[in-house]
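User: I want to learn how to read a model like this one, feature by feature. Can we go through it together?

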Amino acid sequence: MRMCKYIAILYIYKKQRRCLNHIRKVLKFMKEYNYKDIKEITKSHVLFKDGFDMLFEECINEFSVVHNLTRGGSRCVAKRDCLETPPYFLFYSKERVKVFFDFKGPFKNERILNKFMELQMLLDEYGYTTFDLT
């Protein structure tokens, strides 16, 4: 009887360990940027001040793979959450890219909301969609 308990505990432990390793891999491959770190946004990409270039087509393809959609079935490039602190967009590039909005000063909440909406409207203007998590 004790051996069965031991095997069951060992099985659960290994399963949890595999799950934790998967989470670590996902987090390892995620870049985080403050909105202030964006150098330019064009119709095809976002260029950050450190030289990292994120292509929207890559985000669309990765979103389609993650959600088992046919190519061209969606124009979604990111998830967004404006109620999180700080608010963020999580882009579906191969290396997930999180762009968060964190400003200082007396009118920081207004600036955060304005910049968040500015990015959302710019993506919409370029023909891309984002998935709302709120």
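Predicted model: local features only at pLDDT ≥ 70, side-chain atom pairs only at ≥ 80, totals over all residues.

User: Start with the core. Which residues of the largest nonpolar core touch the most other members?

Analyst: In soluble globular proteins, nonpolar side chains tend to be buried together. A nonpolar core here is a set of buried Ala, Val, Leu, Ile, Met, Phe, Trp, Tyr and Cys residues joined through side-chain atoms within 4.5 Å. Buried means under 20% relative accessible area, exposed over 50%, and partly exposed in between (1.4 Å probe, protein chains only). The largest core has 28 residues, and F48, M54, F56, V77, F91 and F101 touch the most other members. Elements giving two or more residues to this core are β2 (38–41), β3 (45–48), α2 (56–66), β5 (76–81), β6 (88–91), β7 (96–100) and α3. Helices (H or I, at least four residues) and strands (E, at least two) are DSSP runs, numbered from the N terminus.

User: Which residues of α2 are buried?

Analyst: F56, C59, I60, E62, F63 and S64. After α2 comes N68, with a positive phi near 50°.

User: What does F101 touch?

Analyst: Contact means heavy atoms within 4.5 Å. Leaving out residues up to four places away in sequence, F101 touches N34, Y35, P86, P87, Y88, F89, I112, K115, F116 and L119.

User: Take N34. Where is it found, and what does its side chain meet?

Analyst: N34 sits in strand β1 (residues 30–34). N34 counts as buried because its relative accessible area is 11%. A polar contact is a pair of N or O atoms within 3.5 Å; within protein, one must be able to donate a hydrogen and the other to accept it, and residues adjacent in sequence count only if both atoms are side-chain atoms. A polar atom of the N34 side chain lies 3.2 Å from the backbone oxygen of D102.

User: Now charges. How many salt bridges does the structure hold?

Analyst: A salt bridge is a side-chain nitrogen of Lys or Arg within 4 Å of a carboxyl oxygen of Asp or Glu. The structure holds five. One of them pairs E57 with R75, with the closest N and O atoms 3.6 Å apart. This pair links distant parts of the chain: E57 is in helix α2, R75 in the loop between α2 and β5, 18 residues apart.

User: Are R96 and E62 buried or exposed?

Analyst: Both R96 and E62 are buried. Their side chains meet in a salt bridge (3.7 Å, N to O). R96 is in strand β7 and E62 in helix α2, 34 residues apart.

User: What about E118 and K115?

Analyst: Their side chains form a salt bridge at 3.6 Å, N to O. The two are three residues apart in helix α3, so about one helical turn separates them. Elsewhere, salt bridges with shared partners join E62, K94 and R96 into one network.

User: Last, the surface. Which residues form a nonpolar patch?

Analyst: Patches are made of residues with over 30% relative accessible area and no salt bridge; like charges are joined within 9 Å, nonpolar side chains (Val, Leu, Ile, Met, Phe, Trp, Tyr) within 5 Å. Accessible areas come from the Shrake-Rupley method with a 1.4 Å probe; for residues, only the protein chains shown count as cover. L113, M117 and M121 form a nonpolar surface patch, with about 290 Å² of accessible area together. M117 lies in helix α3 (residues 108–125). M117 counts as partly exposed because its relative accessibility is 34%.

Terms used
Residues numbered from 1 in each chain as written. Heavy atoms only, no water.
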